[in-house]
Amino acid sequence: MTDVLHTDTDHEESPDEQEKGAEGEQEAPAEPNFILYLDGERYEEALSGLLIWVNHLLVPVYARETSSSLPWCPRWWEHSEAVAQLYGLWMAWQHFTGGGSDLIGPATWHRDFLGPAMMSLRDPSGPFAGCKPNAHRPKPPPVLDPM
């Protein structure tokens, strides 16, 4: 389970890559990592990892009882805002608790990331508004006027 809770986001350059960079060749821009920029198989893989982290670590440890004042959706992955926030929370988790993080990393993650994200997600008017413990309620985005 540790492998899924922490993914390898560090990349060490090979000697060939270091040599190319030293010769002044322009490197290709890095592909986006944030889940909202992904599609197809890359999105499904990212969502699968997020699902494991949310369902096996975040919710059992940090999600308090569900109520109308602290909603949670059993189908949270169907709420784009929730996916975006939870993915960011997971990326921060990996950064602050993974192998190279310092000793205060977990405390920093709790203070700076977990609290604000959970308050936003579980706000009565947040993305899970209207969802019940055993019932998902889809929410269409607001209507936009054409330009």
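**Entry 1: overall.** I am working from a predicted model. I counted five helices and zero strands in the protein. From the N terminus on, the elements read α-α-α-α-α. I then looked up burial: 28% of the 147 residues are buried. I also checked sequence range. Of the contacts with a separation of 6 or more, 70% join residues 24 or more positions apart.

**Entry 2: α4 and α5.** I took helix α4 (residues 80–97) against α5. Their axes come within 9 Å and cross at roughly 175°. Angles over 145 degrees count as roughly antiparallel, so α4 and α5 are roughly antiparallel to each other. I listed the contact next. From α4 it takes E81, A82, Q85, L86, L89, A92, W93, F96 and T97. From α5 it takes G105, P106, T108, W109, F113, L114, A117, S120 and L121. By class I find twelve nonpolar, five polar and one charged residue in this contact.

**Entry 3: α3 and α4.** Here the axes come within 10 Å, and the crossing is roughly 75°. The range for roughly perpendicular is 65 to 115 degrees, so α3 and α4 are roughly perpendicular to each other. On the α3 side I noted Y43, A46, L47, G49, L50, W53, V54, L57, L58 and Y62. They meet V83, L86, Y87, L89, W90 and W93 in α4. The contact of α3 with α4 holds 15 nonpolar residues, one polar and no charged.

**Entry 4: α3 and α5.** Helix α3 (residues 40–62) packs on α5 at an angle of about 95°, with the axes 13 Å apart. That angle makes α3 roughly perpendicular to α5. I find W53, L58 and Y62 of α3 meeting W109, H110, L114 and M118 of α5. The classes here are six nonpolar, one polar and no charged. W53, L58 and Y62 are also among the α3 residues that meet α4.

**Entry 5: the second largest pocket.** Which residues line the second largest pocket? I read off Y62, R64, L70, L114, G115, M118, M119, R122 and D123. Its volume is about 250 Å³. The largest share of the lining, four residues, comes from helix α5 (residues 105–121). By class the lining has five nonpolar, one polar and three charged residues.

**Entry 6: T108.** T108 sits in helix α5. Leaving aside neighbours within four places in sequence, I find T108 in contact with F96 and F113. F96 belongs to the α4 side of the contact with α5, and T108 to the α5 side.

**Entry 7: P140.** At 70% relative accessibility, over the 50% cut-off, P140 counts as exposed. I also took its C-alpha distance to H79. P140 and H79 are 61 residues apart in sequence and 9.8 Å apart in space.

Technical notes. Residues numbered from 1 in each chain as written. Predicted model: local features only at pLDDT ≥ 70, side-chain atom pairs only at ≥ 80, totals over all residues. Heavy atoms only, no water. 1 Å grid on protein atoms, 1.4 Å probe; cavity = no way out; pocket = protein on both sides within 12 Å on 5 of 7 lines; lining within 4 Å. Points joined across faces, edges and corners; volume = space filled by probe spheres on them. Helix = DSSP H or I, 4+ residues; strand = E, 2+ residues; numbered from the N terminus. Nonpolar A, V, L, I, M, F, W, Y, C, P; charged D, E, K, R; others polar. Axes fitted to C-alpha atoms, helices over the stretch in contact; angles between N-to-C directions. Parallel < 35°, antiparallel > 145°, perpendicular 65-115°, else oblique. Contact = heavy atoms within 4.5 Å. Buried < 20%, exposed > 50% of the residue type's maximum accessible area, 1.4 Å probe, protein only.
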